[in-house]
Amino acid sequence: MAGMMAYDEQRILEMLRDDEVSRRRAFEAIVRNFSEPLYWQIRHMVLSHDDANDILQNTFVKAWTNIESFMGYSRISTWLYRIAVNETLTFLNRQKMTVSIDTGADEQNICDTLESDPYFDGDETEAQLQAAIATLPDKQRLVFNMKYFNEMKYEEMSDILGTSVGALKASFHIAVRKIEDYFNRND
Amino acid sequence: MEKERNILDKCAGREPFSVPDGYFAGLTDSIMSSLPQPENDNNAVVVTPWMRLRPYLYMAAAFAGMFFCLKWAAGLNTSNQTDVAQTQETTIYSDEYIDSFLETAMIDDYTLYYSFVDAAN
């Protein structure tokens, strides 16, 4: 693609402080580099493709409108993940309020929804795993997904979530135990 | 417990979710086109001298209108009072006249009434 620039964080930070055209080009490089990993991070939390796509779009719109407040104190990825995490948790809280009124979604509903979703390719066990993950508290689910699916390092997670590495490790192991208990109960 | 552990091991590294065909190929363009455009200076409204003056002129016109309304209402009030004055005949006595009359005259109410009637005539 003509005019596509390679991802060089230092160069991008300089361009973000430049004029409007340079800033937009730099942001395009950021979007190209981070949209896919961010999408998967969000998708594992919200499960639906459409919801994940909406949250991803909102994440980048929010990042763009607040680009002046990003002064390069953290890495671009950390900053973007923080926005994505906040957007996702806000969405889940809103969804919980609606769902608790409407249907009272439980694990069986999640399995049924996933099995009828054209963009879910997993088998029954994988659908059950998603249902088990959905029983975890949001923060624990976030930690589990980041480690289990995205294979993110604890140090990076710590920067994004503002939680110590020790607490994150503990949170992940508790999540694993809860998931094992879930399968044990439903065996 | 071993079996449950195996489920996590079995599913590890596998992505159960998928996306519509070509989704990631068009994602950057889709996101970039959804970003708000910067303020375009060409679309900025040019402020003409007339636009600057207009609020003051409107304010002046409003005050002038209020002034003429008040003037008209005051004129209406004065002309009504004139009409009343013209239709009634009154005689005005000074306070001194009345005081001295009452102090010096040893008169009862009936005499006082006639005194006023005589004075009026």
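Helix α6 (residues 124-134) of chain A has 8 of its 11 residues buried, so it is largely enclosed by the rest of the structure. This is a predicted model, with ipTM 0.84 and pTM 0.69. Chain A has 9 helices and 0 strands. Chain B has 5 helices and 0 strands.

- Across chain A, 29% of the 187 residues count as buried.

**Chain A: overall make-up**

- Along the sequence, chain A reads α-α-α-α-α-α-α-α-α.
- Consider contacts in chain A between residues at least 6 apart in sequence: 58% of them join residues at least 24 apart.

**Packing of α2(A) with α3(A)**

- Two packed helices are described by the angle between their axes and the distance between the axes.
- Helix α2 (residues 20-46) of chain A packs on helix α3 (residues 49-65) of chain A at an angle of about 140 degrees. Their axes lie 9 Å apart.
- The two helices, α2(A) and α3(A), are therefore oblique to each other.
- Their crossing, α2(A) with α3(A), is right-handed.
- From α2(A), the contact uses F27(A), V31(A), S35(A), L38(A), Y39(A), I42(A), R43(A) and V46(A).
- From α3(A), the partners are H49(A), D51(A), A52(A), I55(A), L56(A), T59(A), F60(A) and W64(A).
- By class, the residues of this α2(A)-α3(A) contact are 11 nonpolar, 3 polar and 2 charged.

**Packing of α1(A) with α2(A)**

- Helix α1 (residues 9-16) of chain A also packs with α2(A), at an angle of about 145 degrees. The axes of α1(A) and α2(A) are 8 Å apart.
- The crossing of α1(A) and α2(A) is left-handed.
- On the α1(A) side, I12(A), M15(A) and L16(A) make the contact.
- On the α2(A) side, S22(A), R23(A), R25(A), A26(A), A29(A) and I30(A) take part.
- The α1(A)-α2(A) contact holds 6 nonpolar, 1 polar and 2 charged residues.

**Chain B: make-up and confidence**

- Along the sequence, chain B follows α-α-α-α-α.
- Of the 121 residues in chain B, 4% are buried.
- The average pLDDT of chain B is 78, and 74% of the residues score at least 70.
- Among the elements of chain B, α2(B) has the highest mean pLDDT, 95. The lowest, 73, belongs to α1(B).
- Where pLDDT is low, the predicted coordinates should not be read in detail.

**Where the chains meet**

- The contact between the chains takes 26 residues from chain A and 21 residues from chain B.
- On chain B, α1 (2-11) and α2 (27-34) each supply at least two residues of the side that touches chain A.
- That side of chain B has 16 nonpolar, 3 polar and 2 charged residues.
- Both helices named here also mark the confidence range in chain B: α1(B) has the lowest mean pLDDT among its elements, and α2(B) the highest.

Technical notes. Residues are numbered from 1 along each chain as its sequence is written. Chains are lettered from A and ligands numbered from 1 in the order in which they are written. This is a predicted model: local features need pLDDT of at least 70, side-chain atom pairs count only at pLDDT 80 or more; totals for chains, interfaces and linings use all residues. Two residues are in contact if their C-beta atoms, placed from the backbone, lie within 7 Å. Helices (H or I, at least four residues) and strands (E, at least two) are DSSP runs, numbered from the N terminus. Ala, Val, Leu, Ile, Met, Phe, Trp, Tyr, Cys and Pro count as nonpolar, Asp, Glu, Lys and Arg as charged, and the others, Gly among them, as polar. Axes are lines fitted to C-alpha atoms, for helices over the stretch in contact, and angles run from 0 to 180 degrees between N-to-C directions. Angles under 35 degrees count as roughly parallel, over 145 as roughly antiparallel, 65 to 115 as roughly perpendicular and the rest as oblique. A crossing is left-handed if the near helix is turned anticlockwise from the far one by less than a right angle, and right-handed if clockwise. A residue is buried if 20 or more other C-beta atoms lie within 10 Å of its own, exposed if 12 or fewer, and partly exposed in between; C-beta atoms are placed from the backbone. pLDDT is the predictor's confidence in each residue, from 0 to 100.
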